[in-house]
Amino acid sequence: MGALVLACGKDAGHAQSPALADRDDVELCPVPARPGKDDVDHLVKGLDGRRLVVIGGDADLAAVTLRLLRTERLAEVTVGYVPTEAGSTVASLWDLPLDAGRALDIALEGQPDPVPLLRDDSGGVLVGRGVIGPVRGMAYCDESVVLRGQASRITVSPDPDRGAGLLVQVTRRTLLVKRTSAATGRACQIGCVPAIVELDGVPHPRPVTKWTWYRNTDDLRLARGLL
């Protein structure tokens, strides 16, 4: 069925490879980093059964995924991902290769594998890792208290074991010891003194006193293993 390949920001150069140049069923579109509505919506509405491939970082994938959610295409579109960041959380979570050639093969030919997609109460999505901290306050994973007091950080990601939906890790440090506790559930709610949230490597524009992540109803149809 072919593919529409979005090469994001400075990573557009990574798309100029023989693997793409030799295929007449691939349409390549350079877009800005973390593309928005005006960059993506008209493209995804014209997919016509093709898959969508994102070349870029985790934040670029999140931005494109948000547009699929907003245009109600998430449940029907297979998304391939070619990570260009060595520290990609998405690649680590879902065993995607960092080698550009292998990643592109899987993005174009891999089978769709539904993986949890997280949303937040500010209207965004999380495909890799969210971090808030240092943080002082209360945090819940579903009905369980995971923090009462202070922590170095709270880290949330899609659950790689595909349980209820998300994995919450709370890290506390003393002068001698670092301790991390973990919980899984469908939602994580945090109330705190003003703290900084980072979403797939991008800081939220202002400190927050409350934040919620929760599993989206539809999963992300991520291209993974080859037949």
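Strand β6 (residues 118-120) pairs with strand β17 (residues 208-215) in the antiparallel sense, over three bridges. Strands here are DSSP E runs of at least two residues, helices are H or I runs of at least four, and both are numbered from the N terminus; two strands pair if DSSP finds at least two bridges between them. Please keep in mind that this is a predicted model, in which local features need pLDDT of at least 70 and side-chain atom pairs count only at pLDDT 80 or more, while totals for chains, interfaces and linings use all residues. Residues are numbered from 1 along each chain as its sequence is written, and side-chain values use heavy atoms, with hydrogens and water left out.

**The sheet**

**Salt bridges**

- The whole structure holds seven salt bridges, counted where a side-chain nitrogen of Lys or Arg is within 4 Å of a carboxyl oxygen of Asp or Glu.
- One of them joins the side chains of D41 and R67 at 2.8 Å, N to O. This pair links distant parts of the chain, with D41 in helix α2 (residues 37-44) and R67 in helix α3 (residues 58-70), 26 residues apart.
- D41 is buried at a relative accessible area of 8%, and R67 is buried at 12%. Buried means under 20% relative accessible area, exposed means over 50%, and partly exposed lies in between (1.4 Å probe, protein chains only).
- R224 and D95 also meet through their side chains, at 3.7 Å, N to O. R224 lies in the segment after β18 (220-223) and D95 in the loop between α4 (89-93) and α5, so the pair ties together parts that are 129 residues apart in sequence.
- R224 counts as buried at 17% relative accessibility, whereas D95 is exposed at 63%.
- Salt bridges that share partners join D95, D113, R162 and R224 into one network.
- D219 forms a salt bridge with R215, where the closest N and O atoms are 3.1 Å apart; R215 is buried, with a relative accessible area of 17%.

**Helix α5**

- The buried residues of helix α5 (residues 100-109) are A103, L104, I106, A107 and L108.
- At the start of α5, a side-chain oxygen of D99 reaches to within 3.3 Å of the backbone nitrogen of G101.

**Cysteines**

- How many disulfides are there? The count is zero, where a disulfide is a pair of cysteine sulfur atoms within 2.5 Å.
- C8 is in no disulfide, and the nearest cysteine sulfur, that of C29, is 11 Å away. C8 counts as buried at 1% relative accessibility.
- The sulfur of C141 is 6.2 Å from the closest cysteine sulfur, in C188, which is too far for a bond. C141 counts as buried at 3% relative accessibility.

**A nonpolar patch**

- L175, L176 and V177 make a nonpolar surface patch of about 410 Å². Patch residues have over 30% relative accessible area and no salt bridge; like charges are joined within 9 Å, and nonpolar side chains (Val, Leu, Ile, Met, Phe, Trp, Tyr) within 5 Å.
- V177 lies in the loop between β12 (166-173) and β13 (178-185), and V177 is partly exposed, with a relative accessible area of 41%.

Methods
Accessible areas come from the Shrake-Rupley method with a 1.4 Å probe; for residues, only the protein chains shown count as cover. A polar contact is a pair of N or O atoms within 3.5 Å; within protein, one must be able to donate a hydrogen and the other to accept it, and residues adjacent in sequence count only if both atoms are side-chain atoms.
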